[in-house]
Amino acid sequence: EIFDVAGSVVLVTGAGSGIGRTIAETLAACGATVIGADRDEDRLGEIKDTQGVEPVHLDVADAGAVDNVVNSIVENHGRLDVVFANAGIARGGGLTTPQGTIDAFDLTAWHELLDVNVHGVVHTVRAAARPMKRQASGSIVVTASTAGLRADPLVSYSYVVAKAGVVNLVRQAALDLARWQVRVNAIAPGPFKTNIGGGGPIDPAVEARWGSTVALGRMGETRELRGLALLLASNASSFMTGCVYPVDGGALLQ
Ligand code: NAD
């Protein structure tokens, strides 16, 4: 049946909040067995109450820990069908702030962000590839960003470089894994209302500023990503690999 994910075994990283949480809850509601990984213990406690999502503690920057989580999923569930490499962070530093300029940005923050947003994704994709190659099936979905497809005055150098990096990681891995029928794609969200800016209610001025960067004139709600997540997780996308799918309210148009 089209869009069927019932019985699929799915790992979502960064499942404790925002986009990852919505994806985990959506696939669980559609009958998938979902393992929701996050490094934040409090948020893991919250997803524990979500039917069908099994919480697991994981810092994706730790390659060995990612391998262990994937190995234990395969031991417990016998397979791994879908992986959303979604965990990510953002730090301030858009181009209009002094710490955002090329000659001044902080290198410690640069390395911290790349450890999660690039290395964390690499760790997750390579760990996922092993069981998927053995199965000769699987779908890997990376959360990139419109900020990986063009320059963006509102975000940091580290963020645009990291997201551009994972976009080409997706293409290279799709080419590599195609002979095992393992598909690799990316979603590229525009600005969405999540906790990535630090959590708590979003400041209306900040929301208006991000909304003005989008043709539709507002930030996205994470539920507006559910359709694409279900498409890429299911066999409805069986002939789609190596591509990046924006969900951005037309942000790339302007
Ligand atoms: P969020 O902060 O609401 O959720 C991210 C989750 O990832 C959090 O629960 C956090 O604890 C977890 N996480 C962070 N680092 C981790 C690590 N090292 N290991 C494990 N878990 C970790 O943010 P979000 O907006 O839902 O972000 C999800 C993804 O979407 C990120 O990759 C982000 O870059 C991307 N994205 C977000 C937007 C947006 O506007 N919100 C736009 C484009 C892309």
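Here are some labels and the values behind them.

Guide: This is a predicted model, where local features need pLDDT of at least 70, side-chain atom pairs count only at pLDDT 80 or more, and totals for chains, interfaces and linings use all residues. Residues are numbered from 1 along each chain as its sequence is written, and side-chain values use heavy atoms, with hydrogens and water left out.

Visitor: What makes α1 largely enclosed by the rest of the structure?

Guide: Buried means under 20% relative accessible area (1.4 Å probe, protein chains only). Nine of the 12 residues pass, so α1 is largely enclosed. Among them are Ile-19, Ile-23 and Leu-27. Their cover includes β1 (9-13) and α7 (226-233).

Visitor: Why is Trp-110 called buried?

Guide: Its relative accessible area is 18%, under the 20% limit.

Visitor: Why is the pair of Phe-105 and Trp-110 called stacked?

Guide: Rings of Phe, Tyr and Trp (its six-membered ring) pair if their centres lie within 6.5 Å, and planes under 30 degrees apart count as stacked. The structure holds two aromatic pairs. In this one, the centres are 5.4 Å apart and the planes at 20 degrees, so the pair is stacked. Ring pairs also link Tyr-157 into a cluster with Phe-105 and Trp-110.

Technical notes:
Buried means under 20% relative accessible area, exposed over 50%, partly exposed in between (1.4 Å probe, protein chains only). Helices (H or I, at least four residues) and strands (E, at least two) are DSSP runs, numbered from the N terminus. Contact means heavy atoms within 4.5 Å. Rings of Phe, Tyr and Trp (its six-membered ring) pair if their centres lie within 6.5 Å; planes under 30 degrees apart count as stacked, over 60 as edge-to-face and the rest as tilted.
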